[in-house]
Amino acid sequence: MVLKEIPTESLSRPLSRNEIVGLIFRLTIFGAVTYYTIKWMVDAIDPTRKQKMEAQKQAEKLMKQIGVKNVKLSEYEMSIAAHLVDPLSMQVTWSDVAGLDDVIAELKDTVILPIQKRHLFEGSRLLQPPKGVLLYGPPGCGKTLIAKATAKEAGCRFINLQPSTLTDKWYGESQKLAAAVFSLAVKLQPSIIFIDEIDSFLRNRSSSDHEATAMMKAQFMSLWDGLDTDYNCQVIVMGATNRPQDLDSAILRRMPTRFHINQPNVKQRELILDLILLNEKVDIHVNLNEIARETEGFSGSDLKELCRDAAMFCVRDYVNCSDTEERLVQITYFKLLQYTFKVKQEIRPIKQQDLRKAIGKMRRSKEATVPNGLMHLTVD
């Protein structure tokens, strides 16, 4: 009955111009509302949205600090840029590294010189900084310290890359983040991409690897090797590890410049101790050469902890002496006056027996942990 009431002329009549414009307008509004609603729902259920927004703010702040202007970054590059380190804010220089003069000299010649004196090496494919540098050796011997000092002295943009930065729950996002690492490094060149404990990220590939992890590694290595297409590109991937045997052979090929940072010898330990105690109160009778001979097998971090323990012994003596005097002054009013006008006692300097006592404490802790697992790391 309703269809019969509709005139047949209105069904066959073409739409007017105003009707077409109104229909397009309504469809546009409906499509925009639908798009933004879906986008809002996806953002609302994304647990990493807040972290991404904070990373973007951090990246914008760091870009201003390092003086990068008129450089457009994608969303993925912004996520990587949040891990930039400003070389000017670094407090580590070559003077903070002791006992590794040979390594420092070679780093200056092979890495820093081609970057700082770029005009001398233009037009040559051979006289270019290496695409990959590997620092390997026992833990606590200064590998990370050398990487920071290299970035500081070379004036490079330093990207402190962590494996967690490249992992994402969405399929395919990890590959895009890996691509953003190198695209960002090229835009900010000269730059250094530093990966600490690189063996945990780019270890030997096997058939048991997860598909997403395998694809991310393949993407990373493909882009890394692609830097060779432009030999003037000044991007260096620097890695540090204490297990070089776990690295993939393809990664070792991409890191031709390698430096073995071994356990310090007697002379190096003496230089390290002298640097650590440079601004501390040390007794004039302290013989650092004897301490260096008694610390066979100690790394640089062990020596720093040893000196810290020795300094704490001085603080404990001062605190215990002060507590004893405070208990005594409470006995009589006269002693209280004596204590009030008494010149404040200073912390005594570090003595030879403090360092030897700290050596004994350090050796006991090292012997207690070696049988549990560190022995196997040494044997490997």
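**Reading helix contacts, sheet and cores**

Trainee: Which residues in H6 meet which residues in H7?

Mentor: Val103, Leu107, Val111, Ile112, Ile115 and Gln116 in H6 meet Ile146, Thr150, Glu153 and Ala154 in H7. Contact means heavy atoms within 4.5 Å. Helices (H or I, at least four residues) and strands (E, at least two) are DSSP runs, numbered from the N terminus. By class, this contact has 7 nonpolar, 2 polar and 1 charged residues; Ala, Val, Leu, Ile, Met, Phe, Trp, Tyr, Cys and Pro count as nonpolar, Asp, Glu, Lys and Arg as charged, and the others, Gly among them, as polar. The model is a predicted one, in which local features need pLDDT of at least 70 and side-chain atom pairs count only at pLDDT 80 or more, while totals for chains, interfaces and linings use all residues. Residues are numbered from 1 along each chain as its sequence is written, and side-chain values use heavy atoms, with hydrogens and water left out.

Trainee: At what angle do the axes of H6 and H7 cross?

Mentor: Axes are lines fitted to C-alpha atoms, for helices over the stretch in contact, and angles run from 0 to 180 degrees between N-to-C directions. The axes of H6 (residues 101–116) and H7 (residues 143–154) come within 10 Å and cross at roughly 35 degrees. The crossing is right-handed, that is, the near helix is turned clockwise from the far one by less than a right angle. H6 also lies across strands E2 (132–136), E5 (235–241) and E6, at about 155 degrees to E6.

Trainee: What is the strand order in the sheet?

Mentor: Strands of a sheet pair through backbone hydrogen bonds, either parallel or antiparallel. Here two strands pair if DSSP finds at least two bridges between them. The open sheet has 6 strands in the order E1-E3-E4-E5-E2-E6, with mixed pairing. E1 is antiparallel to E3 (residues 157–161) over 2 bridges, with Leu84 opposite Ile159. E2 and E6 run parallel, joined by 4 bridges, and Val133 stands opposite Thr257.

Trainee: Which residues of E6 are on its covered face and which on the uncovered one?

Mentor: In a regular strand the side chains alternate between the two faces of the sheet. In E6, Thr257 and Phe259 form the covered face, Arg258 and His260 the uncovered one.

Trainee: Which residues touch the most other members of the largest nonpolar core?

Mentor: A nonpolar core is a set of buried Ala, Val, Leu, Ile, Met, Phe, Trp, Tyr and Cys residues joined through side-chain atoms within 4.5 Å. Buried means under 20% relative accessible area, exposed over 50%, partly exposed in between (1.4 Å probe, protein chains only). Among the 33 residues of the largest core, they are Ile80, Leu166, Ile193, Phe220 and Trp224. H8 gives the largest share, 7 residues. Apart from this core lies another, of 28 residues, including Val111 and Ile236.

Trainee: Why does Leu166 count as buried?

Mentor: Leu166 counts as buried because its relative accessibility is 0%. Leu166 is found in the loop between E3 and H8. Beyond neighbours within four places in sequence, its contacts include Ile80, Leu177, Met216 and Phe220.

Trainee: What is the phi of Glu197?

Mentor: Most residues other than glycine have a negative phi. Glu197 has a positive phi, near 50 degrees. Glu197 is found in the loop between E4 and H9 and, at 37% relative accessibility, counts as partly exposed.
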